[in-house]
Amino acid sequence: MHSPHDPYVRVRGAREHNLRDVHVDIPRDTLTVFTGVSGSGKSSLAFGTIYAEAQRRYFESVAPYARRLIHQVGAPAVGEITGLPPAVSLEQRRSAPGERSSVGTVTTLSNSLRMLFSRAGRYPAGAERLDSDAFSPNTAAGACPECHGLGRIHRTDEALLVPDPSLSIREGAIAAWPGAWQGKNLRDVLDALGHDVDRPWRELDPKDREWILFTDEQPVVTVHPVRDAGRIQRPYQGTYMSARRYVMHTFADSRSRTLRAKAERFLRGEPCPVCGGSRLRPEAMAVTFAGRSIAELAGLPLSALAEVLAGAVSGGSPDDRGASDDQGAADDPGAAGGSAAGGARTAQVLTGDLLARIATVTELGLGYLSLDRTAPTLSAGELQRLRLATQLRSGLFGVVYVLDEPSAGLHPADTESLLSVLGRLKEAGNSVFVVEHEMDVVRRADWLVDVGPLAGEHGGRVLHSGPPAGLAKVTESATRRFLFAEDPQPPREPRTPTGWLRLAGVERHNVRGVDAAFPLGVFTAVTGVSGSGKSTLVGQVLAGVLADRRTDGDGAAGDRFCASATGLDAVDRLVQVDQKPIGRTPRSNLATYTGLFDVVRKLFAQTDTARERGYTAGRFSFNVAGGRCETCQGEGFVSVELLFLPSTYAPCPDCRGARYNPPTLEVALRGLTVAQVLDLTVESAADFFAGTPAAARALRTLLEVGLGYLRLGQPATELSGGEAQRIKLAAELQRTRRGHTVYLLDEPTTGLHPADVEVLMRQLHGLVDAGNTVVVVEHDMAVVAGADHVLDLGPGGGAEGGRIVAAGSAAEVAAAAGSRTAPYLAKALRRG
């Protein structure tokens, strides 16, 4: 037994995922960093064991009925943990937040701003004071009734619904209609109603065209289907729905992402004509503070918002510029909420609170964001830092904060601010446990837990637990070489471009009037602080131009994001590799995404046992009836309802997690069943399928991008964004490449250990050596230092960014004046 005042969190017998009976002691009230290559087990220790056990203990104190309402992680596989305080997890969640979620709602800054307008805003003469809910677009009291608080409405017109008027309705003139039977039904209903479905659309009477596309009527008519050979089709009652009604209904109500995306193609979004995009009712928009409405303040970058609020406080009272009735609020206590002096005091208190909370967000390098910026447009790193800023103001102490790569997506210039914030959390009496790959953060840690030495079954051991300096003695650590800058990569001689892609007059978000040139046949890194416009320039403008490629003879093109683009005729293909999940359900996995499972199923179908029984490749799919276990529908697990306790998942009682029924599992390929093959790691599978060229090629590319530790059947939902991106890259690498390809990658090293970065860079530089072009948006200065060409955007984020500060070789950009990237790039070049 340890003393109740023992200053350590002591973990004994951790066996979560690939952890191998780990024993480790971690001091509380420290900044502790967990390091190791991807898949080594560091997240399994920090999140899957320590945080999961803290959460389990907390939930044991909650009433069983209440537990059903809270998402819970399962009990971790661990012998014992002592000295563990309550824990708060700040993970990079991969689930997308809703459209109504914004920077303001995530940080709760919107609540304070609404209270400021409610209590200290300038009201029109005679207006009653509004409750703070009336300033929220997410409440019935505040939302504009026309757009329901979204700020935009969706309309459609004939040109969108019928893109080719030379076609008849039978030939598919109404492109917005659904496919298959539902579309045929609408056509037959129109025919029964007496409309000519065989005349070209443009020859129909305009009144008929208007009714067919836009009517709100839903007439019911008896339909006599055309008889098909060999099929008897009886008359039925069919209901007509106009094309507009179908599109709007699908877009608003369908749960299918695919159907909603298709419907959106036939809609045109535009600002709401009633609220002008403000999302609020007129009475809320009439209230001002510092001469601006709440929508205007919410649209400012946080750094600019702070200036406006500070100016209002220092000026003594809100200045309602241009207001003809600026005395109304002061003279009417009912309207303004009290006397002028009282209103000024209220404004001072609320504004002071807002400024203090905004300062924390801007300190984390997010001052370019506005309160109305929707959460789905934020990166995982931005969302996590917003939550971190909120926690810093919470005043908690004696808590363990467990963070997942807080430096992800962060420019080196902002890392110092991050370290300062983490330090303040520690000084407030908390323990800060961080899973991290950024060596500058690791060097500043009080305690280092290095997990490895490699990934998967070759990892899962704690190699070092102590001050970072002690890692120098651990020879098998993959982290040591990078932490102490041993054996740096030799400098790479820049390649010579084979041509140039030139974009003129780029206009998108904060990138305004920019001319950008991208060299072909080389490796280009696009750098800049968060919000400087990197992803806009590469992921939207350059990708959009290349995807459209509306070229004429010399490869010139116009595009909706730039005035002109030249050099496109030298490009044959575009490949954009992002970090979005490879699938949204556990049924999608590594083997199915790469096409490897198709090869595996065919090999099983060719075995003697399968041939004797007449089994085809489909028998070995867990997604269709036949070979799968019907008890769990091929999932491998079943949901167990526990009355007042939360539902839990348990291995299927029939197949015990194998996914297949017994007859299917009787078929073996060189001694392994199909379930056992899915349980192989990529590394083991590469040996097993060495004699099968189609399988060996897919497995070799997965090994080349550093994913040898993943299991073939690992569900897509368990993969990180970095792993998903490398799987997509591996799938692309195994294809036969023809012509000049441009590869665009947005922060490909996010979530990767420096050792994994080296593996990935070998592949990307290999693509360039094969005659292709690679363009990456990147914050890792070691990667940028090895690039042939660097494009640095900035100098700041948001309105202060969007300009090309420097362009040229890495050495030239490192010497550029006015670049926030330059000093960090110069440091990386010196290390090399």
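1. Aromatic pairs. The count of aromatic pairs comes to eleven. One of them joins Trp 211 and Tyr 240, whose rings are stacked, with 5.4 Å from centre to centre and 15 degrees between the planes. This pair links distant parts of the chain: Trp 211 belongs to helix α7 (residues 206-214), while Tyr 240 belongs to the loop between β8 (236-239) and α8 (243-253), and the two residues are 29 residues apart. Trp 211 counts as partly exposed because its relative accessibility is 22%, a value that is not under the 20% limit for buried residues. Tyr 240, at 0% relative accessibility, therefore counts as buried.

2. A second pair, with another geometry. A pair of aromatic rings is described by the distance of the centres and the angle of the planes. Phe 622 and Tyr 660 form an edge-to-face pair, with 6.4 Å between the centres and 75 degrees between the planes. This pair also links distant parts of the chain, its members being 38 residues apart. Phe 622 is found in the loop between α23 (608-613) and β20 (637-642), and Tyr 660 in the loop between β21 (645-651) and α24 (662-665). Both Phe 622 and Tyr 660 are buried.

3. Which residue lies over the face of Phe 622? It is Arg 659, at 4.1 Å from the ring centre. In a further case, Arg 619 lies over the face of Tyr 615, at 4.2 Å from the centre of that ring. Elsewhere, Phe 117, Phe 135 and Phe 289 make up one aromatic cluster.

4. The model as a whole. The structure is predicted. Its protein chain has 832 residues, and 51% of them are buried. The secondary structure comprises 32 helices and 25 strands. Of the contacts with a separation of 6 or more, 67% are between residues 24 or more positions apart. The chain exposes about 37300 Å², of which carbon and sulfur atoms supply 50%.

5. An open sheet. Six strands form an open sheet with mixed pairing, in the order β5-β10-β11-β3-β12-β13. Which strands lie at the edges? They are β5 (87-90) and β13 (461-466), each of which pairs on one side only. On average, neighbouring strands of this sheet are turned by 15 degrees against each other, direction ignored.

6. Details within the sheet. Strands β10 (residues 400-404) and β11 (residues 431-435) run parallel and are joined by five bridges. Val 400 stands opposite Ser 431 in β11. Helix α17 (residues 412-427) lies across β3 (31-35), β10 and β11, and runs at about 145 degrees to β11.

7. Two cis peptide bonds. The peptide bond from Gly 452 to Pro 453 is cis, with omega near 5 degrees. Pro 453 is in the loop between β12 (447-452) and β13, and both of these strands belong to the open sheet described above. A cis peptide bond also joins Gly 794 and Pro 795, with omega about 5 degrees. Pro 795 is placed in the loop between β24 (789-794) and β25 (803-808).

8. Two residues with positive phi. Asp 21 is not a glycine, yet it has a positive phi of about 50 degrees. This residue lies in the loop between β1 (8-14) and β2 (22-27). Its relative accessibility is 45%, so Asp 21 counts as partly exposed. Ala 290, likewise not a glycine, has a positive phi of about 55 degrees. Ala 290 is found in the loop between α10 (282-285) and α11 (294-298). Is Ala 290 buried or exposed? At 9% relative accessibility, Ala 290 counts as buried.

9. An enclosed helix. Why is helix α22 (residues 596-605) largely enclosed by the rest of the structure? The reason is that seven of its ten residues are buried. The buried residues of α22 are Leu 596, Phe 597, Val 600, Arg 601, Leu 603, Phe 604 and Ala 605. An α-helix has 3.6 residues a turn, so residues three or four places apart point the same way. The buried residues of α22 pack against α21 (590-594), α23, α25 (674-678) and α27 (693-704).

How values were computed. Residues numbered from 1 in each chain as written. Predicted model: local features only at pLDDT ≥ 70, side-chain atom pairs only at ≥ 80, totals over all residues. Heavy atoms only, no water. Helix = DSSP H or I, 4+ residues; strand = E, 2+ residues; numbered from the N terminus. Buried < 20%, exposed > 50% of the residue type's maximum accessible area, 1.4 Å probe, protein only. Contact = heavy atoms within 4.5 Å. Areas by Shrake-Rupley, 256 points an atom, 1.4 Å probe, with all protein chains shown as cover. Phe/Tyr/Trp six-rings, centres within 6.5 Å; stacked < 30°, edge-to-face > 60°. Lys NZ or Arg CZ within 6 Å of the ring centre and 35° of its normal. Pairing = 2+ DSSP bridges. Axes fitted to C-alpha atoms, helices over the stretch in contact; angles between N-to-C directions.
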